[in-house]
Amino acid sequence: FLFNVARCQWKQRYSSISSQRKMGEEMSEQEKSLRDCFAKFDANGDGKIQEGEFKRLMSSLGGFSSKEIKRLFKEADTDGSGSVDWREFLSWIINGTALKGMGAKGAASFERLLNTETQDEASFVESAQMGHNVTEYLKKSGSKGKSRTRKKTTTKAGCDEFGVPADHSGHRIQWPMTPQGAKDLLDHFLHNGSRKPLHARHVQLILDEFVASYKSRHPKPVIETEVPQPEGRLVIVGDTHGQLADVLHILYHLGPPSAQNRYLFNGDMVDRGSQGVEILLILFTFFIADNESIIIHRGNHENEDMNALHADNGGGFEDEVMEKYGLSVYRHFINAFKSLSLASVINKEIFVVHGGLTRVKNLTVDYINTLPFQEYTAPHPMSTNVKEQLFSDLLWSDPTEYEGKYKSDRGVGIKYGPDVTTKFCSQNRLRFMVRSHQVPEDGRGFQKQHNDRCVTVFSASNYCGDGGNFGAVIVLSAANFPRYEVFEHFAAPLEELPAIVAQGDATDWNQMSTSQQRDSVETSRAARQEKTFERMIISIIEKKPQLWAYIIRNSLGQKLKAEDFVHMMEQQTDGDHPWMEAMEVWKVIDANGDIEVTKFLNRWVVKSESAGYSSFVNDAIKQVYEAIVAMDMDLSETFKMFDTDGDGTVDLKEAKQVLEKFDLGLSSSQIDRLLGQLFSTSSVITTADKARMSIQDFLGHFTMVYSATNNADLPRWVLDTLGQIGRLIVKVKAPGAPDATPHAAAAASDMSKLFTEIDTSGDGILQLDEFVTGIEKLPGLEKCAVDGVPLSHAKLVEISKILDVTGDGTLNYLEFQQAFQLKGQGTTDLENSLVEDLTTLLFRYRVHIRTGCQFLDEVDSCKVLCEEFGNVLRGVNNALRSNEQGISESQIKHLSSALAVEDEDGQIVAYDDFLRSFVIVDTETREVIKSFRG
């Protein structure tokens with residue numbers, strides 16, 4: 001089935017390619033996509049896919065055995081030449097041969113290869129835009145109100161001249177910094193990693209000194225440098241992304257930075273990995289010790305908007321620094337990023353830049369030098385200013401094998417062809433260019449493109465712990481310039497490096513790398529799958545509002561065919577995920593091929609471990625019920641409101657239409673979430689087109705929420721008595737009622753009949769004396785006792801007054817029902833459902849809430865005033881798309897108040913603690929599967 005569907009789709013997409021090219025039409029997007037895919041296989045750029053190239057790429061996808069890969073190559077190589085040219089590759093795709101026999105997992109992996117969008121960095125644009133919108137709202141609304149006092153810090157007795165306590169157990173730097181001092185720090189991180197960090201005072205000293213020194217030495221965006229003479233070399237390092245082991249491997253293998261062993265780090269030293277701080281401190285100290293020893297470029301990740309994202313979404317550096325040092329030090333790092341260079345020209349012949357070339361015609365190095373590169377870490381990604389677009393292109397662009405310039409899938413930058421590279425090199429009298437920014441798809445650490453005039457170097461081996469790729473550096477020597485060597489590596493785990501380095505000259509770095517890569521293949525694949533599934537779980541959580549809205553809108557039942565469920569997930573969530581594979585691994589498909597929708601969506605939830613938030617949750621649940629009770633409707637009016645077509649039942653759409661009429665303090669998506677849970681019970685009647693529930697059952701399930709929360713505040717004797725009476729009511733069988741022990745929903749039906757019986761006036765409202773008289777007639781009431789004493793008339797009168805929530809001397813049906821509602825199975829789920837949508841919203845936009853709070857937090861305390869926190873939430877509301885539901889004003893006020901504590905400046909919210917309190921829980925195992933505390 002999968003093969004036939006995919007073959008049909010691919011044939012539709014690509015069958016017109018040949019005819020289009022014959023007609024001389026411009027290359028279609030489909031052909032561009034397919035030619036990009038061909039280029040991924042053709043690693044050496046000779047226009048043919050060799051068997052080794054084919055094997056490397058197919059192996060990296062996973063899901064293919066060596067035997068399958070060999071067979072697939074043989075099928076593609078129709079002329080038996082030992083290689084596959086463009087014509088054979090195109091035929092292989094169009095005829096469906098590429099998919100035949102691959103199996104579902106292999107086909108899915110291959111299809112994902114054709115869709116090469118870099119999801120994290122594409123979503124970055126939307127995230128950055130929203131962050132900017134929040135801060136703009138705060139600026140315009142004048143949200144910076146009462147100024148707060150920065151706490152003064154004084155050097156305590158027993159501290160050194162930098163304010164570092166004598167008992168600090170971490171490494172101590174010596175000042176002024178020397179090459180040996182930098183080497184000592186390198187050795188410290190080799191043996192300790194981040195276990196024994198530098199003191200914050202030392203870090204700030206290094207950062208401040210680096211910024212002043214680097215700006216003085218390199219005041220322009222482009223550095224003119226040379227390979228050190230007479231016998232020196234220059235080492236170009238690509239992305240390292242917080243992977244300290246790679247940096248240590250490179251520096252100990254090729255020697256530490258010096259004037260004769262110069263390094264050029266080509267950006268993206270941070271994010272994704274957890275040790276970007278240590279990498280930067282190593283590089284900065286070597287530069288301070290000798291400003292001829294190292295050049296440091298800015299990449300697209302030396303960018304505060306990117307750093308603000310979680311590591312799973314492509315960021316992580318802000319979280320890393322906040323965990324290790326706090327907001328003040330993080331702001332020092334951001335200041336350092338603003339000083340980093342954008343590009344270099346080596347010996348006037350080689351251009352080095354992180355991303356690539358730009359949309360500007362006739363681009364020159366002189367023009368790049370006019371950019372205002374020290375004003376910000378990076379321009380706004382959607383800027384229309386020409387120079388800011390040029391700036392972004394240099395950090396974000398990628399080469400492609402077809403000529404011209406095209407929009408990038410990343411959302412920022414462009415794709416540029418070999419003609420663009422040739423023109424740039426010719427106009428600027430350059431031999432070739434070196435860039436980084438991408439993992440070569442063949443698993444190597446480097447890639448040559450554009451007739452060898454565009455060389456990619458990527459230095460983070462086993463990228464993100466599951467890439468399985470080699471890293472590499474490019475070495476230019478004075479003796480052989482402009483020829484260069486490529487040193488590939490696969491770094492050992494950090495804990496194994498000290499022993500390897502200790503071997504000195506006996507270390508066989510190449511053999512060690514080969515062994516490490518071979519041993520990591522299976523673990524990398526397993527880690528890649530685990531990470532993919534984790535990202536899918538987070539996607540499910542963040543998209544629950546849309547998923548529930550889809551279910552409500554289509555009045556879907558509780559079970560969907562697996563194919564229909566996967567279709568829904570693909571439509572409503574972001575990214576290209578292997579949903580069917582995940583469903584099989586998670587074992588959620590039953591013997592009939594169905595998936596229980598609510599059970600699946602309830603499996604993973606996001607919660608906050610903040611005590612203040614828990615208090616807010618309880619208040620929110622009470623508010624919803626009391627809003628309905630306050631309507632003070634009689635029984636017939638209540639039923640009529642929900643039962644709009646008079647058939648005694650209510651469906652999802654009808655229920656939503658009515659609940660939206662109340663001032664419940666809930667958004668539309670929050671109502672969707674509540675109804676989704678209410679309609680997940682066994683009392684739901686699923687017809688061919690709709691899921692329905694009797695009106696009594698609906699009200700019965702709804703009031704279970706309140707009885708589990710509001711009644712918790714009642715005196716113990718009242719709770720005990722209500723429980724006894726409630727059990728008596730369950731035992732009172734209405735005519736025709738089943739003999740089986742009734743569950744909570746059946747009790748709701750009995751409850752409505754009992755209400756009618758004791759409403760002797762027939763007006764749909766119980767006077768308090770009617771209530772007392774009716775309850776006294778219940779069979780078995782004489783057995784009810786309060787603290788061992790039989791229940792008296794006076795006690796019943798007292799209870800009736802307590803239950804009169806509206807205080808008007810009467811009880812409406814909902815007040816009556818909630819009082820005696822037994823807490824049945826699913827009550828906890830209902831409680832969670834009322835607030836899950838709000839929790840999900842706060843979790844999804846935690847980055848932007850933090851951005852707004854940091855904008856207002858001028859004293860770097862990770863705290864803001866209560867009213868400022870409320871304004872940030874309003875800013876998030878303002879930045880949401882028109883079709884997204886925000887946080888109600890009532891919820892903003894209640895949440896801000898619940899999180900606030902008294903401080904010398906007033907009511908203060910510790911926003912960073914709150915935003916790091918989220919955890920993802922598997923409700924089946926009750927295990928926390930992910931925490932965001934760092």
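Trainee: How do you know that strand S30 and strand S31 pair in the antiparallel sense?

Mentor: In this predicted model, S30 (residues 918-922) and S31 (residues 927-931) are joined by four bridges in the antiparallel sense, and since at least two bridges are needed before two strands count as paired, the pairing of S30 with S31 qualifies.

Trainee: What makes strand S27 and strand S28 edge strands?

Mentor: The open sheet has the order S27-S29-S28, with antiparallel pairing, and S27 (864-865) and S28 (901-903) each pair on one side only. S28 is joined to strand S29 (residues 906-909) by three bridges, and Asp903 stands opposite Gly906 in S29.

Trainee: Why are strand S6 and strand S16 said to stand at the edges of their sheet?

Mentor: That open sheet has five strands in the order S6-S5-S4-S15-S16, and its pairing is mixed. S6 (294-296) and S16 (484-489) each have a single partner strand, so one side of each is left without a neighbour in the sheet. From one strand to the next, the twist averages 20°. Within this sheet, strand S4 (residues 233-237) and strand S5 (residues 261-265) pair in the parallel sense over five bridges, with Leu264 in S5 as the bridge partner of Ile236. Helix H12 lies across S5 and S6 and runs at about 130° to S6.

Trainee: Why is helix H11 called roughly parallel to helix H12?

Mentor: H11 (residues 244-254) and H12 (residues 276-289) pack at an angle of about 30°, with their axes 9 Å apart. Because angles under 35 degrees count as roughly parallel, H11 is described as roughly parallel to H12. Leu244, Val247, Leu248 and Leu251 of H11 make the contact with Glu278, Ile279 and Ile282 of H12, and by class these residues are six nonpolar, no polar and one charged.

Trainee: What makes helix H10 roughly parallel to helix H15?

Mentor: The axes of H10 (residues 200-217) and H15 (residues 327-337) come within 9 Å and cross at roughly 20°; as the cut-off for roughly parallel is an angle under 35 degrees, the description applies to H10 and H15. Their crossing is left-handed. Residues that meet there include Leu207 and Phe210 in H10 and Val329 and Phe333 in H15, and the residues of the contact divide into eight nonpolar, four polar and one charged.

Trainee: Why does His437 count as buried?

Mentor: Its relative accessibility is 5%, and because buried means under 20%, His437 is placed in that class. His437 is found in the loop between strand S12 (432-435) and strand S13 (446-449), and has a positive phi of about 80° although it is not a glycine.

Trainee: Is Asp787 buried or exposed, and how do you know that?

Mentor: Asp787 has a relative accessible area of 72%; the limit for exposed is over 50%, so Asp787 is exposed. Asp787 lies in the loop between strand S24 (785-786) and strand S25 (789-790), with a positive phi of about 55°. Most residues other than glycine have a negative phi, and most peptide bonds are trans.

Trainee: Which loop holds Pro176?

Mentor: Pro176 is in the loop between helix H8 (119-140) and helix H9 (179-192), and the peptide bond from Trp175 to Pro176 is cis, with omega near 5°.

Definitions and conventions. Residues numbered from 1 in each chain as written. Predicted model: local features only at pLDDT ≥ 70, side-chain atom pairs only at ≥ 80, totals over all residues. Heavy atoms only, no water. Helix = DSSP H or I, 4+ residues; strand = E, 2+ residues; numbered from the N terminus. Axes fitted to C-alpha atoms, helices over the stretch in contact; angles between N-to-C directions. Parallel < 35°, antiparallel > 145°, perpendicular 65-115°, else oblique. Left-handed = near helix turned anticlockwise from the far one by under 90°. Contact = heavy atoms within 4.5 Å. Nonpolar A, V, L, I, M, F, W, Y, C, P; charged D, E, K, R; others polar. Buried < 20%, exposed > 50% of the residue type's maximum accessible area, 1.4 Å probe, protein only.
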